Amino acid sequence: MAIEPEDLAMMKKVREEYSDGSSCAILGDCHIYNETYKSFAEKMNFSRIDTFDINGNPTYKVDLNEELPEQFHGVYDWVIDSGTIYCCFDVSTVFKNMLLMLKNKGCVVHTSNLTGWFGRGFYSVSPALFRDFYNQNNFKILKMVTKSRINNNFWVENDPDCTYLQRADHKILFQKDAGSDPPLIPNNSQLGCIAYRENKIPFTKPVPTHFIQTKGG
């Protein structure tokens, strides 16, 4: 679990536009490259940062696989998952906890495993998961991005509705809005998503949009 310089640059740019509030929750006992928590808070204009993990030295020892204690409900303006959710067995509960942490309006950030990283976590995450979960929970997706280690960790923006893989080379993945079978997928690539909620609705477990759109067709 880490926030890398290019992650911070992306978040900072969004924070300049969505600047309300000053509290932030980070899933995992997170390492911030080239920064202290104090300097990260200053750059992101946060006055409070709390970390949540079952291991390490977080602010709060919390098992994110279990429902979040009520004291943390509706407390944070930003909730950041920097490589934690794919290491948790009960992904649905972690998503629910992120939304419980968030105030009525606010931002969520994910940087997660797209392909590879074998041995580190339990899952690889599809862009469709973020798209369908956040669309069906009344969020606006601000950014959907991918990167790979061999591409110098450069985030490449994708249309949030383009969740199918169009093509890939050893450096990068390109997405589109329909299925295909590319011959090569970069190893150790990551998926990023930033979404904003204006008004809270009851937690919704999403149905994959692909099957809704193609049902009976």
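**Pocket lining and helix packing**

The largest pocket has a volume of about 280 Å³. The model in which it is found is a predicted one. Sixteen residues, written here as 16, line the largest pocket, and those lying nearest its centre are Met1, Ala2, Tyr86, Arg120 and Gln190. Strand E7, which spans residues 102-115, gives the most to this lining, with three residues. By class, the lining of the largest pocket comprises six nonpolar, six polar and four charged residues.

The description now turns to the helices. Helix H1 (residues 5-17) packs with helix H2 (residues 37-44) at an angle of about 35°, and their axes are 9 Å apart. On the H1 side, the contact is made by Leu8, Met11, Lys12 and Arg15, and on the H2 side by Phe40, Lys43 and Met44. The contact of H1 with H2 has four nonpolar and three charged residues, with no polar residue.

Phe95, Met98 and Leu99 of H3 make the contact with Leu129, Phe130, Phe133 and Tyr134 of H4. In the contact of H3 with H4, seven residues are nonpolar, and there are no polar and no charged residues. The contact of H1 with H2, by comparison, has three charged residues.

Key. Residues numbered from 1 in each chain as written. Predicted model: local features only at pLDDT ≥ 70, side-chain atom pairs only at ≥ 80, totals over all residues. Heavy atoms only, no water. Contact = heavy atoms within 4.5 Å. Helix = DSSP H or I, 4+ residues; strand = E, 2+ residues; numbered from the N terminus. Nonpolar A, V, L, I, M, F, W, Y, C, P; charged D, E, K, R; others polar. 1 Å grid on protein atoms, 1.4 Å probe; cavity = no way out; pocket = protein on both sides within 12 Å on 5 of 7 lines; lining within 4 Å. Points joined across faces, edges and corners; volume = space filled by probe spheres on them. Axes fitted to C-alpha atoms, helices over the stretch in contact; angles between N-to-C directions.
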